[in-house]
Amino acid sequence: MTRTDGYLLDNRQTEAAAEHFSAFAALFDPTTFRHLEELGAGSGWRCWEVGAGTTVVSWLAKKVGPTGRVVATDTDTARLASAARPPVEVRVHELGAQEPPGEGFDLVHARLALVDVTDRERALRSMVKALRPGGRLLVEDADPALQPLLCPDEHGPEQQLANRLRHGFRRLLADRGTELPCGRTLPRQLRDAGLTRVHADAYFPLTSPACAALESATIRQIRDQLVTAGLATDQDIDRHLENVTSGALDLTTAPMISAWGRKQ
């Protein structure tokens with residue numbers, strides 16, 4: 001999620017980006033780790049972590065141990081510098097535009113790595129190509145159109161303002177060409193890419209401190225875009241951030257769809 005050539009959340013904005021990554025990890029790492037455990041990730045495994053986040057890379061490194069290998073790739077690897085030691089190898093790589101960084105992987109995992117990829121089918125084929133026969137692919141993607149509200153219980157003006165700003169966020173995403181109904185398509189796309197034993201589930205957090213932290217970081221990152229596009233005023237945003245900080249809002253996020261399968 002670190003591309004900045006037109007991507008909405010410029011994760012080079014250090015303070016908001018750090019808060020964004022921290023909140024996101026708190027929300028979704030437990031689900032990701034559960035799936036990786038169930039897929040059997042363990043000692044000696046060769047793994048490709050696509051669009052890598054430091055928490056997942058560190059978790060995989062401990063799992064595979066000194067006899068394993070974790071190739072961590074992203075278009076901007078600056079935040080992965082601290083993880084670049086055996087068994088982790090960090091590489092700059094653009095998914096869907098470059099060949100995979102090797103073949104014969106036991107596991108390929110990508111979380112939100114497809115959000116800024118133009119050719120999703122090509123990207124998925126690339127990840128499947130990198131697997132050994134019997135290797136596992138786990139792809140996780142949000143689906144903002146599946147649950148468009150920030151406050152599902154819209155019972156007052158504070159919740160209405162929150163949902164209006166969420167609609168503005170989705171408008172900005174759509175204007176940049178982001179395919180909003182993306183997570184729900186993963187099972188079909190994994191089958192189309194040739195995987196077998198395809199399964200999927202979704203995690204939909206409600207009313208978590210991490211949801212509030214993620215919302216605060218996100219709004220501060222896109223504040224200028226919302227105002228410039230006429231989707232909100234500075235006063236709207238200040239009031240919303242105060243409401244988020246107060247803890248009175250029951251906030252949620254878009255569901256995270258996890259889909260996985262095996263290469264024949």
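These are my notebook entries on a predicted model, taken one topic at a time.

**Confidence**

The chain averages a pLDDT of 91, and 93% of the residues score at least 70. Going element by element, I found the highest mean in strand β1 (residues 46-50), at 98. The lowest is in helix α1 (residues 14-38), with a mean of 89.

**Leu137**

Next I looked up Leu137, which sits in strand β5 (residues 131-142). Is Leu137 buried or exposed? Its relative accessible area is 0%, so I put it down as buried. What does Leu137 touch, beyond neighbours within four places in sequence? I wrote down Val108, Leu124, Met127, Val128, Leu131, Leu190 and Leu195, then Ala259, Trp260 and Gly261. I also noted a pairing across the sequence: Lys263 is 126 residues from Leu137 along the chain, yet their C-alpha atoms are 7.9 Å apart.

I went through the backbone next. Most residues other than glycine have a negative phi, and most peptide bonds are trans.

Pro86 to Pro87 is a cis peptide bond, with omega near 10°. Pro87 lies in the loop between β2 (69-74) and β3 (88-92).

Arg197 is not a glycine but has a positive phi of about 50°. I placed Arg197 in strand β6 (residues 195-203). Its relative accessibility is 58%, over the 50% cut-off, so I count Arg197 as exposed.

Thr207 also has a positive phi, near 55°. This one is in a loop, between β6 and α6 (209-228). With 47% relative accessible area, Thr207 is partly exposed.

**Cysteines**

How many disulfides does the structure hold? I got 0. For Cys211, the nearest cysteine sulfur is that of Cys151, 10 Å away. A disulfide needs the two sulfurs within 2.5 Å, so Cys211 is in none. Cys211 is buried, at 1% relative accessible area. I looked at Cys47 as well, and Cys47 is buried at 0%.

**Helix α7**

Which residues of α7 are buried? I listed Asp236, Ile237, His240, Leu241, Asn243 and Val244. Looking down the axis of α7, I see the buried residues fall within an arc of 160°, so they line one face of the helix. On the face turned away from that buried side I found the exposed residues Gln235, Glu242 and Thr245. What covers the buried residues of α7? The cover includes α4 (157-175) and α6. After α7 comes Gly247, with a positive phi near 80°.

The side chains of Arg223 and Asp234 are joined by a polar contact of 3.1 Å. Beyond residues up to four places away in sequence, Arg223 touches Asp234, Ile237, Asp238 and Leu241. Two of these names, Ile237 and Leu241, are also on my list of buried residues in α7.

**Helix α4**

Last, I turned to α4, one of the elements covering α7. I counted 19 residues in α4, reaching 27 Å from first C-alpha to last, close to the 27 Å expected at 1.5 Å a residue. Its buried residues are Gln159, Leu161, Ala162, Asn163, Leu165, Arg166, Gly168, Phe169, Arg170, Leu172 and Leu173. I noted that Arg166 and Arg170 are both on that buried list. What covers the buried residues of α4? I found α6 and α7 included in the cover. Just after α4, Gly177 has a positive phi of about 85°.

Note on methods:
Residues are numbered from 1 along each chain as its sequence is written. Side-chain values use heavy atoms; hydrogens and water are left out. pLDDT is the predictor's confidence in each residue, from 0 to 100. Helices (H or I, at least four residues) and strands (E, at least two) are DSSP runs, numbered from the N terminus. Buried means under 20% relative accessible area, exposed over 50%, partly exposed in between (1.4 Å probe, protein chains only). Contact means heavy atoms within 4.5 Å. A polar contact is a pair of N or O atoms within 3.5 Å; within protein, one must be able to donate a hydrogen and the other to accept it, and residues adjacent in sequence count only if both atoms are side-chain atoms. The arc is that of the directions from the helix axis to the C-beta atoms. The expected span of a helix is 1.5 Å times one less than its number of residues.
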